[in-house]
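Hi everyone, thanks for coming. Let me put the structure up on the screen, and then we'll walk through a few parts of it together.

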Amino acid sequence: MRTLFNQLTPINLAATLCNRFSNSNHLCTSISASPNLPINQIAHIICCVLQECTSFSCLKKTHAKIFAYGLQYDSRILTKFAIMYVSFNRIDAASIVFEDIPNPCSFLWNVMIRGFATDGRFLSSLELYSKMMEKGLKPDKFAFPFALKSCAGLSDLQRGKVIHQHLVCCGCSNDLFVDAALVDMYAKCGDIEAARLVFDKMAVRDLVSWTSMISGYAHNGYNSETLGFFDLMRSSGVIPNRVSILSVLLACGNLGALRKGEWFHSYVIQTGFEFDILVATAIMDMYSKCGSLDLARCLFDETAGKDLVCWSAMIASYGIHGHGRKAIDLFDQMVKAGVRPNHVTFTCVLSACSHSGLLEEGKRYFQLMTEEFVIARKLSNYACMVDLLGRAGQLSEAVDLIENMPVEPDASIWGSLLGACRIHNNLDLAEKIADHLFHLDPVHAGYHVLLSNIYAAKSRWNEVEKVRKMMARRGANKIQGFSLVEYDNQVHKFGVGDRSHPQWEKLYAKLEELAAPMKHLGYVPLTDFVLHDIEEEAKEAALSYHSERLAIAFGLINTSPGTTLRITKNLRICGDCHNAIKLISKIVNRVILVRDMHRFHRFEDGVCSCGDYW
């Protein structure tokens with residue numbers, strides 16, 4: 001064998017070695033086959049051998065050989081090793097090698113940026129990108145998509161905009177993959193308008209860019225736009241993929257658009273996605289959010305290969321519909337089926353207990369989480385438990401739980417307790433909690449509104465005005481309430497006192513028509529829900545035209561008698577509207593389903609499924 005090596009030129013020798021050992025796990029042994037080779041030939045052989053490495057162990061052995069031959073400072077060889085480590089997803093090893101190279105080439109910088117981004121280490125990827133720019137090196141069209149991916153992963157919009165400027169200066173703004181990464185970055189960072197602007201300017205659009213755009217619409221709350229964009233995809237000859245279908249199903253659920261959801265369910269069956277467990281779970285979730293809980297359960301039972309996400313989604317569905325005990329029973333079935341829960345599943349169970357007032361059951365599952373399943377509690381689990389205790393009036397116990405948490409409570413936990421103070425009119429505790437909340441999240445309008453509600457309920461109008469001024473000073477803009485109702489394959493939207501709808505006069509007349517029979521049944525307006533220091537008569541008028549009532553009036557006018565009305569509201573339904581809708585359901589002899597930001601309310605014959613516990 002050695003005689004053969006001595007007869008070959010360096011190039012032929014390298015080729016012979018690579019061919020001979022390309023399928024071997026002992027590539028590294030080839031390097032020492034001829035000890036008399038000049039160092040430059042050994043370096044050449046190592047580079048060739050590296051290209052044929054098929055295992056990480058072989059790569060490590062080959063790496064060790066360079067120290068024996070004094071090649072550990074050879075930049076060309078180290079560059080190849082760094083690239084190979086990245087190809088084996090060993091980014092830490094690649095980083096160590098990279099640091100030993102005095103002046104890495106632009107290509108290696110780009111490879112390292114890609115490696116960190118692919119490994120999910122977005123901050124490291126961007127730090128490397130910044131160092132590369134500081135050294136005056138130019139990123140290429142292969143680096144920009146991964147730098148943008150890192151910005152998307154960190155939701156760092158400002159840095160993403162800077163990189164957008166860089167790529168324009170580098171002449172990469174018309175590259176398909178760069179533009180697709182830009183769309184994805186802007187969408188995931190919440191700037192959906194900028195994403196659409198980039199998308200519209202693309203000369204050629206691949207499926208990735210279409211998918212990024214529709215997913216961005218769905219996950220940023222642009223539900224109607226999501227459905228419209230899906231139609232645009234199909235009319236453009238683009239075949240929707242799984243992500244696109246998941247996006248439109250999410251949008252249908254958010255809108256409460258049952259008929260649209262049924263059409264997409266049919267489309268899923270036609271396109272063969274019905275056996276995809278994620279799509280099946282999304283359909284089930286859509287039906288649940290549209291108020292068709294029985295149909296959701298039917299699909300759940302028919303779904304083969306149910307995973308943890310599917311089980312958890314069905315448990316959550318029972319929870320938001322107020323069926324706490326069914327949620328618990330399903331959890332127990334899941335455990336018996338051999339599916340191990342995680343902290344998300346327990347969040348679903350605890351939330352279900354909270355919505356149904358199952359205090360003791362909630363406490364038991366809160367303990368089981370750590371004692372039987374040895375699952376570390378997350379903030380979401382504590383938030384549910386605080387909410388459960390708070391709704392049940394156990395405010396002191398809720399405070400004790402927060403103060404003894406092993407982790408620092410976040411705004412959502414204090415917010416749950418503030419909501420409980422609103423329910424139980426505990427102003428003293430509410431003011432203390434508000435101090436914590438305004439420190440943690442000074443621009444969250446919802447917490448300011450909650451405190452304002454508590455003051456208003458006690459006619460403390462000076463304090464209400466102070467909270468409003470505080471909101472204005474901090475730039476905490478109140479979220480405008482609206483309600484949605486689907487009719488004739490369209491979703492109609494109403495705001496409080498809305499007069500923009502073509503039928504607004506008929507809607508107002510319908511509500512005035514209902515006023516007399518409501519009063520006859522004992523309706524008395526709860527004017528403490530009107531946050532204005534005005535006369536009682538004006539308060540009653542303000543309550544009469546809340547968005548959910550206008551949506552109900554629209555449904556009553558446009559649908560045949562006996563049709564179930566399905567209303568979706570973006571905020572919590574107020575107590576006065578809750579009382580009014582109970583009476584309306586009795587007067588018109590209809591089932592009225594209202595999904596607010598927390599749960600479902602099923603009104604029928606003057607009674608709500610929540611039992612006035614929400």
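This is a predicted model: local features need pLDDT of at least 70, side-chain atom pairs count only at pLDDT 80 or more; totals for chains, interfaces and linings use all residues.

Residues are numbered from 1 along each chain as its sequence is written, and side-chain values use heavy atoms, with hydrogens and water left out.

Helices here are DSSP runs of H or I with at least four residues, strands are runs of E with at least two, and both are numbered from the N terminus.

Back to α27 itself, residues 445-457. From first C-alpha to last, this 13-residue helix reaches 18 Å, close to the 18 Å expected at 1.5 Å a residue; the expected span is 1.5 Å times one less than the number of residues.

Buried means under 20% relative accessible area, with exposed over 50% and partly exposed in between, using a 1.4 Å probe and protein chains only. Among the buried ones are Tyr447, His448, Asn453 and Tyr455. And what covers them? The cover includes α25 (411-424), α26 (427-440) and α28 (461-474).

Now to the strands. β1 (482-487) and β2 (490-495) pair in the antiparallel sense over six bridges; two strands count as paired if DSSP finds at least two bridges between them. Serine 483 sits opposite phenylalanine 494 in β2. The hairpin has two residues between the strands, and aspartate 488 there takes another positive phi, near 55°.

Zooming out, the open sheet has six strands in the order β2-β1-β3-β4-β5-β6, with mixed pairing. β2 and β6 (607-608) stand at the edges with a single partner strand each, so one side of each has no neighbour in the sheet. Further in, four bridges join β4 (592-595) to β5 (600-604), running antiparallel, and isoleucine 592 has phenylalanine 603 as its bridge partner in β5.

Finally, the whole chain: 32 helices and six strands. Of its 614 residues, 50% are buried. For contacts, meaning heavy atoms within 4.5 Å, residues 24 or more positions apart account for 64% of those with a separation of 6 or more. Thanks, all!
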